[in-house]
Amino acid sequence: MNIRIGNGYDIHRLVPDHPLILGGVNIPHDLGLLGHSDADALTHAIMDAMLGALSLGDIGHYFPPSDPKWAGADSLLLLQQVDQLIKARGWHTGNIDSVIVAEKPKMKPHLGAMQEKIARTLQINRDHIGIKATTNEKLGPVGRQEGIAVYAVVLLFRG
């Protein structure tokens, strides 16, 4: 088979005194995401989708939160490592489609910058990266602004 599809999901808690980083972009907001690395839920969901497409586990296997080496790590650098891992097996990213679920702040002004950073990291065209944003209509933990969730799907091809 010359194509593989993987899906990924990530959610992080919103807390004061932390940066809000999604897709490598620091978004001005009074709350930020809590996590062992930079808590970039968009990049984490994309990495999990890439790894899942090749049945390689998840990011916790490669970058365990128990390892202090990954504390505060830039998730784009981790994405670059995952990309190298899949390329070493003869696979490449065809396209990415993702959805950020957050009540606040508005994501639309930042989506283009996120696409640029991810495209540059993966060395693919920006138009191969779909990033959408929606709210949870004030339902559940995301709706109560307790966290931000991200869903991602990645198509890999061999060649």
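The side chain of Asp10 forms a polar contact of 2.9 Å with the side chain of His12, a polar contact being a pair of N or O atoms within 3.5 Å, one able to donate a hydrogen and the other to accept it, with residues adjacent in sequence counted only if both atoms are side-chain atoms. A second polar contact, of 3.1 Å, links the side chains of Asp10 and His44. The model is predicted, with local features requiring pLDDT of at least 70 and side-chain atom pairs pLDDT 80 or more, whereas totals for chains, interfaces and linings use all residues. Residues are numbered from 1 along each chain, and side-chain values use heavy atoms, without hydrogens or water.

Asp10 lies in strand S1; strands are DSSP runs of E of at least two residues, and helices runs of H or I of at least four, numbered from the N terminus. Strand S1 (residues 3-15) runs antiparallel to strand S7 (residues 147-158), to which 11 bridges join it; pairing requires at least two DSSP bridges. His12 has Ile148 in S7 as its bridge partner. Beyond residues up to four places away in sequence, Asp10 touches Ala41, His44, Ala45, Ile148, Ala149 and Val150, contact meaning heavy atoms within 4.5 Å.

Strand S5 (residues 91-101) also pairs with S7, antiparallel and over 10 bridges, and Ile96 stands opposite Val154 in S7.

In helix H4 (residues 111-122), the side chain of Gln115 makes a polar contact of 3.3 Å with that of Arg126. Leaving aside neighbours within four places in sequence, Gln115 is in contact with Arg126, Ile129 and Ile131. The C-alpha atoms of Gln115 and Asp127, 12 residues apart in sequence, are 8.1 Å apart.
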